[in-house]
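Please read the points below beside the sequence and the coordinates. They are set out as a colleague's note, one topic to a paragraph.

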Amino acid sequence: MLKDITIGQYIPGDSPVHKLDPRTKLIALVLYMVGLFLVNNFAGYLVVTLFTIGLIILSGISIVTIIKGFRPLILIIVLTLTLHVFMTEGHILWQWGFLKITVEGLRQGIFMALRLMYLVSITSLLTLTTTPIALTDGLEKVLKAFFVPIAHELAMMMTIALRFIPTLIEETEKIMKAQMARGADFESGGLLSRAKSLIPLLVPLFLSSFRRADELAMAMEARCYRGGEQRTRMKQLVMGGRDVFAYFLIVAFLGVSIYSRFW
Amino acid sequence: MPIIFEKVDYIYQPGSPYEVKALENINLVINEGEFVGLIGPTGSGKSTLVQHLNGLLKPTKGSVKVDDYEVSATKKSKLKEVRKRVGLVFQYPEHQLFEETVFEDIAFGPKNLGLSTGEIGKRVKKALHMVHLDYDKYQELSPFTLSGGEKRRVAIAGVLAMEPKYLVLDEPTAGLDPRGRDEILAQIEELHNQGMTVVLVSHSMDDVARLTERLIVMHQSAVVFDEETRQVFSHFERLQEMGLDIPTVTKLMFRLKDKGWSVRQDVLTVEEAKQEILLALKEEKTHA
Amino acid sequence: MIEVKNLQHQFLNPQGGYQQALKGVSLHFGQGEFVAIIGHNGSGKSTLAKHLNALLLPDEGTVIVNGLDTNDNENIWKIRQQVGMVFQNPDNQLIATTVEEDVAFGPENLGIEPQKIRHLVDEALASVGMCEYKKRAPHLLSGGQKQRVAIAGVVAMRPKVVVLDEPTAMLDPLGRKEVMDTIVKLNRKEGLTIVHINHFMEEAVLADRVIVMENGAIVMEGSPREIFSQVQKLKDLCLDVPPMMELRDILSQNGLNLPRDILTVEEMVVALCR
């Protein structure tokens, strides 16, 4: 049932964004975030908006898909907006009792909400245009380049986690059904009783996960795994002209973002 | 009272691009006291059907009646009544064990039924007895220190403690060696002899031939055969087309028949085969 | 190829005390052989299997793989490249998010150049018949398909021996057939030595040689026909007997004179029609 949904589902495509080296995309994401958090005026946000929309169009992913990604965060976005709108001091536009809306508040609120939405959009764009393997490979190489310890192990953990998410979901369903057949009820009752009812679900799940980890480790050792030293990779990551151009673009964006603060 | 399936359809994720029809027009009656086998290739709908027996799934169309309960009309809160009557043992049931002691784990079912402590104690004792595990020895042990076969029996006891009228077992011998398999099947046979209605889902033709009186064969979401076990195995070619096999001795009888021997083909065990062959040879001698 | 001499192994019993899993086993596996090791759970067959690729080390005795002693730490990785192992649970062997990535895992661990790995992966997938699935995610495969991918993952490392520890125990009949066909093909066409641990006698009959274990020791050894014709002994060991062998046995008890080694239905038909 839930097997077909993967976290940050990858949508295959042929766009320039798809074809970029994952390392480029990861580094670009970080630089983008820096730029996004640096802009603080109308001009700056205009630049960011144009850049973001441009990227989305370039990637060939539909706007609808991106907007769907906002759904889990609607609450936070609305909360942020509200807090800023009502809590910022400045020129009062409208007042009712102690509730007041200021020009500055409106501005801040909209900026912060936009910031959140753009952050989510571009992060989704990353996972929508990059396969999980490419992502973990890229992450591993980037971390290694920055001399982060256990870079390989982290990437390996990510790969294995991604691989087993659908399997674990399937297993959870199986255990739930088995316990329900014995009269377990996961749906009714107050918060506390529902939490308690999770024990017959979580204990077997944990146990099987430990067993799984043990067997997996043995299988990996049987195939000569001994950590990241001297391992090669079948899929090589190669940067091309496209990536150089992308770096140029993102640095330009960053430059303009910084500069916009002085407009 | 029987379990009745009437014109049952089941569709997974109806209306979505992932829509799959898992059951098509199922009409069945399972009477109390029967020993029914349910076979079919993977994907034929067996496990979907089985989950309708205790209300884990409700039909998309048609009705499923368990005793007096119309399953599709039963509210979630009342489904416990259905699960009291129909005990379902999934594959690798030992994977559902979670309590600190064998006693506690087996007590889980009765506790969910809201029974008194005294009654729960009685049921746990009885259930352990039914799976041939000594109460005094096992009740305090952690289920996780037991052997694979023992764990499985504790898991089955956990379902038996609900005192169901119908016991449905999905591949109870999966992953067991011949000895373990024989033990479990002997216990299931014993339970049946003591009055339990049993539905046995299995891939093993030999197991099913040995134990069941009636066999339901499923293929591509539908029931293809629903007859006496012996009758079903006479449909050799059709079964093969579906990717199913028949017991080796039955195959032998078919081949002998091809060669002109006058033997019955609805033979299920080695003993029966021997008798048929000796009989046929004697007849030849008297005719020679 | 693999010499096992007087192998002993004991481990801690969760219910207290030590248990002798292997009591002085001696065996030899030759190149290109297809050996089946059968026995019920607890007979020691899985423990024996894990010694062949140094996942377990002997308490006493030796295991020598192509001249390499498993006791010597230096040899472990070389041994594991030469002796590949496939396990019982299809899911708990596949670690990557696509089939071809998983098959590449072994060669990657060996530090082979990327171009060559691509080659090895494609060949391995071809030999198990899973080429069309190379970009598929593992969780979308059937049990039989997963096991074939696991086998490919081992074959891609170009081992000399493949040990399979109850590879079909968790599969449905179709999956079992797929896996057995693959194993037989690898032995016959590619000359791989196969050590197949299981308790399904329908699968053991496919081997060149059958070894029966009980209580940590070898109790029977011979060709499939030699072993399976000893009906009573097998029954005493709580093992399954091919139905035709059993039938042959009780028919001869009733006076019929039939050849000793009837394994298949056809052979029985031929014997009876004489």
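1. In chain C, four strands make an open sheet whose order is S2-S1-S4-S5, with antiparallel pairing; strands are DSSP runs of E of at least two residues, helices are runs of H or I of at least four, and both are numbered from the N terminus, while two strands pair if DSSP finds at least two bridges between them. Strand S2 (18–29) and strand S5 (68–69) of chain C are the edges, and because each has a single partner strand, one side of each is left without a neighbour in the sheet.

2. This is a predicted model, in which local features need pLDDT of at least 70 and side-chain atom pairs count only at pLDDT 80 or more, whereas totals for chains, interfaces and linings use all residues. Residues are numbered from 1 along each chain as its sequence is written, with chains lettered from A and ligands numbered from 1 in the order in which they are written.

3. Strand S4 (residues 60–65) of chain C is joined to S5(C) by two bridges, the two running antiparallel, and Ile64(C) stands opposite Asp69(C) in S5(C). Helix H1 (residues 45–52) of chain C packs on the sheet, where it touches strand S1 (2–12), S2 and S4 of chain C, and its direction makes about 60° with that of S2(C). Contact here requires C-beta atoms, placed from the backbone, within 7 Å; axes are lines fitted to C-alpha atoms, for helices over the stretch in contact, and angles run from 0 to 180 degrees between N-to-C directions.

4. Chain A has eleven helices and two strands, and along the sequence these follow the pattern α-α-α-α-α-β-β-α-α-α-α-α-α. Its C-alpha atoms fill a box of roughly 65 × 55 × 35 Å along the principal axes. Of contacts in chain A between residues at least 6 apart in sequence, 73% join residues at least 24 apart.

5. Between chains A and B, the contact takes 19 residues from chain A and 22 residues from chain B. Helix H8 (151–180) and helix H10 (199–222) of chain A each supply at least two residues of the chain A side, and H8(A) gives the most to that side, with six residues.

6. Which residues does Val195(C) contact, leaving aside its neighbours within four places in sequence? They are Phe29(C), Val35(C), Ile37(C), Ala49(C), Leu52(C), Val161(C) and Val163(C).

Technical notes
Two residues are in contact if their C-beta atoms, placed from the backbone, lie within 7 Å.
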